[in-house]
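Open the model in your viewer and keep the selection panel at hand. The stops below say what to select and what is there.

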Amino acid sequence: MSKRPFLIPFLVPAILVAVIFLAALAEILQYSLREFIPGSLDVGGFTLDNFARIYRPVYFKAVINTFVLSLATAFFTLILSYPIAFALVRTKVEWVRTLLILLSITPLFTGEIVRTYAWMLVLGTNGFLNTMLLDIGVISEPVTFMYTRAGVVIALVQFAMPVMIIILATAISHINTDYEKAAANLGARPWTVITRVVIPLTMPGIISGFIVIFAWTMSAFATPQLIGGGKVLMISNAIYLQGFSALNFPFAATLSVIALISAFASLALMKLIANRLERQTAIH
Amino acid sequence: MNTNNSGHSVDIVEVTKTFANVTAVHKVSLNIRKGEFMTLLGPSGCGKTTLLNMVAGFETQTSGAIRIDGKDISDVPPFMRETGMVFQSYALFPHMNVFDNIAFGLRMRKLPAKEIKAEVERALDMMKLSGMEGRRVRQLSGGQQQRIALARAIVIRPKVLLLDEPLSALDKNLRLQMQVELKELHQKTGLTTIFVTHDQGEALSLSDRVVVMSRGEVQQVSAPIELYTQPANGFVASFIGEINALPKARCQKSGQDFRFEVCPEISLNGRQPARLELKDGQMVHIFIRPEHIEIAGPRHNGANIVKGNVAAHIYQGTHTQTRVNVPGIGLVELRTKGAAAIDQAPLGSEIALSVPLDEAVILPA
Amino acid sequence: MWRQTLFWVIVSCILFYMTIPAIVVVMTSFNPGEILSFPPNGFSLRWYEKALTYPDFRGAFRTGLIVALISSTLALVIGTSFAFLVVRYVFPGKNLLEGILSSPLIIPHFTTGFGFLLLGAHLNLNQTLTIIIMTHVVLVLPFVARAVYVSLLNIDPNFERSAANLGASPFMVLSRITVPLIIPGMAGGWLVASILSLTEFSASLYVTASRTQTLPVAMYNYIREYTDPTVAAVSALLIIATMLILMAANHFLGLRKILAIDSH
Ligand SMILES: Nc1ncnc2c1ncn2[C@@H]1O[C@H](COP(=O)(O)OP(=O)(O)OP(=O)(O)O)[C@@H](O)[C@H]1O
Ligand SMILES: [Mg+2]
């Protein structure tokens with residue numbers, strides 16, 4: 001009688017999935033080292049030329065763009081999500097709580113396309129926002145949101161908020177309200193309680209939320225594709241362009257490898273910074 | 001349930017269990033007789049649960065053997081061991097009602113539905129739970145959950161009943177009541193029972209024999225009375241009930257007379273202890289229970305009298321526990337009936353105590 | 001007092017920002033004209049009619065539903081058994097396997113999709129349902145495994161021991177005790193997995209062809225070619241369906257519990 005009777009039957013499917021996934025990633029690696037034969041989907045022999053092409057300004061810019069947009073998105077997402085998360089955890093009115101949770105979670109489940117399309121309707125030259133602003137008379141000419149970084153970030157932040165809200169709300173719900181009461185009892189004003197007690201205590205949540213959103217935004221595709229419209233190029237869009245317009249699979253694969261490496265590298269970097277920060281805040 | 005299923009013996013032979021770097025159970029040997037109520041008693045972390053888990057098959061011993069009716073069961077998986085275990089947390093299945101919980105073991109044995117129904121009803125009846133079949137376990141009180149856990153374990157007619165601190169989650173009154181019921185249940189079923197507790201009162205009142213454990217090792221295996229009156233070592237003496245440990249004393253033997261020199265100023269008269277052959281000049285430990293020390297009065301003839309100052313009175317209703325600081329010995333506790341001692345010997349006053357060694361425990365140092 | 005008011009005004013503004021796209025989509029979907037206009041100059045269901053009869057959308061919805069059902073169910077089985085292994089057993093390579101299977105959370109979807117496109121070409125499964133389902137299983141597996149993992153951690157191991165003690169074989173313990181106790185986690189995980197699969201876009205774009213496209217891919221293709229509000233109608237339907245499902249989930253399972261948000 002084995003002590004672990006289910007080990008083999010339960011392990012086999014998991015290993016199978018892992019192997020398939022690794023095979024898919026290995027394919028990318030393999031293609032990234034192949035020679036591109038223009039006009040053909042077949043690939044040539046092994047070469048390192050694809051990686052040399054990366055240094056061209058376009059691709060370099062795409063990498064930088066991805067990094068900057070992800071950083072900006074994570075930052076604004078954090079700022080906007082915190083009040084919602086706080087309200088969600090601390091309100092005592094049941095219907096407000098239910099409303100808050102439904103409104104803030106739904107965007108997570110509607111998918112990239114629906115959300116991006118909706119933002120196109122809002123941000124377009126003849127879209128909701130411009131029409132409203134023109135009607136009120138705030139502006140006399142339509143403002144260009146589409147095809148700008150600002151437009152992309154406005155849309156990305158809204159997608160990212162549900163996940164951030166969940167992470168922050170979990171962190172906030174774990175603080176014992178006695179700390180806040182104690183601070184208030186000692187004479188701290190509400191704002192001071194928030195900045196000196198609540199925010200430091202939720203620092204781990206803030207940091208992990210920031211990192212998760214950063215990583216999540218690095219893999220955005222539909223939004224920069226449709227709202228950026230080719231003018232705001234992220235790595236994802238560059239890969240698509242190479243793969244589907246130029247049909248240069250080897251180079252698309254090379255860019256994917258770069259995307260993968262920069263995703264893991266920047267995550268590692270952020271973890272490093274986060275650990276520093278956490279150690280510092282832990283002292284206070 | 002029925003008495004003819006009773007009487008399976010359990011032999012634990014030199015069993016040792018080592019986790020990564022902790023030895024939880026060390027060379028434990030016990031013979032539990034047919035139909036015996038055996039209690040494992042010891043402080044938290046001494047390995048009681050680990051030992052029980054090995055009997056039930058949830059843990060495998062590192063070395064040694066466990067036998068039921070003389071047959072080694074080391075290779076028998078838990079679900080074929082036919083031990084009935086009651087967990088401290090009861091572990092009643094939350095997604096089943098009372099009936100399904102009790103019927104679970106019978107269903108696993110593929111009994112016909114009619115028989116299962118009859119057996120479950122009989123068990124419920126025995127545990128005074130008739131009419132509760134359809135209840136969800138969350139809707140039950142602690143005492144009821146306790147009874148259901150017991151019913152669930154005995155309905156499968158186990159060879160051994162294993163009880164891991166089953167009463168510790170109950171409040172005091174309920175605990176006393178359940179002690180009585182457990183005793184009755186044991187008499188009715190005659191099941192060989194291993195009971196785990198760290199409550200000595202429970203152990204002394206319920207058991208045929210008690211095993212005192214400490215740090216994974218057996219300290220003593222005895223009937224309750226013997227455990228109290230003749231502890232095998234200092235650990236057992238101080239673990240069971242309250243006891244005063246006097247400083248190491250030197251035995252002075254002349255013929256049949258024994259004197260024990262506790263300190264230069266104090267020597268106490270005694271006699272040959274029950275199971276110890278004392279030599280002249282040997283060092284011994286003397287333990288004496290608070291109820292055996294008295295405040296000295298006219299009827300005490302001057303021998304074994306020590307003097308000290310009253311340091312504290314702790315009034316406990318039926319009796320008063322008095323702490324006396326005796327120079328050369330230290331704090332000595334005595335127990336007197338009612339509250340008389342509080343008036344008789346005010347705090348700080350000097351009193352004389354009679355310390356007879358007739359019932360003292362004397363162990364070699 | 002004014003602080004409270006200010007706080008709730010800010011919260012309302014942020015919520016407005018979060019919901020405005022959905023509101024605009026619904027408004028647009030009822031707009032009678034081809035050109036989007038605000039405020040709407042009438043009310044019409046013509047885009048709903050077009051959306052529901054448009055063959056591409058119908059086909060894509062069916063494909064997407066099949067893919068979502070199969071892949072989330074496969075992920076449920078594989079994820080549940082894997083979570084069980086992680087919680088109950090120790091075996092060599094456990095951490096490595098955990099790392100590989102949860103990495104799709106970090107690896108960009110388009111990378112995963114591109115990888116499976118190349119793998120599909122290699123295996124002659126190019127853009128078939130098989131490769132699409134494989135991709136989706138990989139993508140949603142971490143969510144199911146996580147949900148089940150959390151429920152497994154929350155059950156008292158003595159339930160399983162007790163069942164074994166009463167004579168239940170390992171298989172019986174699993175089917176009568178463990179699985180019934182983690183059903184809520186499995187249901188939540190399965191639900192999240194199927195919604196994520198239904199709405200997955202970036203990876204699907206790579207592994208599907210026009211024959212096998214899923215709904216988000218079909219919508220993307222439509223947006224690139226036409227500017228009329230048909231997609232708004234589809235989007236509105238999806239948003240409302242999601243809302244309803246979440247409300248039901250909130251009612252029966254408790255979203256706060258699924259998401260582990262609870263004040264102490
Ligand atoms: N699975 C385990 N892994 C490592 N150490 C363990 C394990 N189980 C028990 N131990 C250790 O073995 C020792 C005995 O534990 P055990 O649970 O048997 O004590 P116990 O006598 O039942 O205590 P209590 O009265 O608190 O229930 C303890 O030091 C404990 O920390
Ligand atoms: Mg224990």
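Select helix α3 of chain A, residues 57–90. Helices here are DSSP runs of H or I of at least four residues, and strands are runs of E of at least two, both numbered from the N terminus. The end C-alpha atoms of α3(A) are 49 Å apart, which agrees with the 50 Å that its 34 residues should span at 1.5 Å a residue. The expected span is 1.5 Å times one less than the number of residues. Now pick S81(A), where α3(A) has a kink of about 35°, shortly before the proline P83(A). The bend at a residue is the angle between axes fitted to the seven residues ending there and the seven starting there.

This is a predicted model, in which local features need pLDDT of at least 70, side-chain atom pairs count only at pLDDT 80 or more, and totals for chains, interfaces and linings use all residues. Residues are numbered from 1 along each chain as its sequence is written, chains are lettered from A and ligands numbered from 1 in the order in which they are written, and side-chain values use heavy atoms, with hydrogens and water left out.

Next, show chain C. What does chain C contain in helices and strands? It has 12 helices and 0 strands. Its C-alpha atoms fill a box of roughly 70 × 65 × 30 Å along the principal axes. Within chain C, select α6, residues 129–153. This helix of 25 residues reaches 35 Å from first C-alpha to last, close to the 36 Å expected. At V140(C), α6(C) bends by about 40°, and the proline P142(C) follows within four residues.

Move to chain B and select β1, residues 10–19, together with β2. The two strands run antiparallel and are joined by 7 bridges; strands count as paired if DSSP finds at least two bridges between them. A hairpin connects β1(B) to β2(B) through 2 residues. Across the pair, T18(B) has T23(B) as its bridge partner, and K17(B) stands opposite V25(B). Strands of a sheet pair through backbone hydrogen bonds, either parallel or antiparallel.

Further along chain B, select β18 (319–326) and β19 (330–337), which pair in the antiparallel sense over 8 bridges. They form a hairpin with 3 residues between them, and G328(B) in the turn has a positive phi of about 90°. N325(B) stands opposite L331(B).

Finish at ligand 1. Which residues of chain B are around it? Among them are F19(B), V22(B), E165(B) and H198(B); a residue is near if one of its heavy atoms lies within 4 Å. An oxygen atom of ligand 1 lies 2.4 Å from a polar side-chain atom of S44(B). A polar side-chain atom of K48(B) is 2.8 Å from an oxygen atom of the ligand, and a polar backbone atom of G47(B) is 3.0 Å from one. A polar contact is a pair of N or O atoms within 3.5 Å; within protein, one must be able to donate a hydrogen and the other to accept it, and residues adjacent in sequence count only if both atoms are side-chain atoms. In chain B, β2 (22–32) and α1 (48–56) are the elements that give two or more residues to the shell. α1(B) gives the most, with 3 residues.
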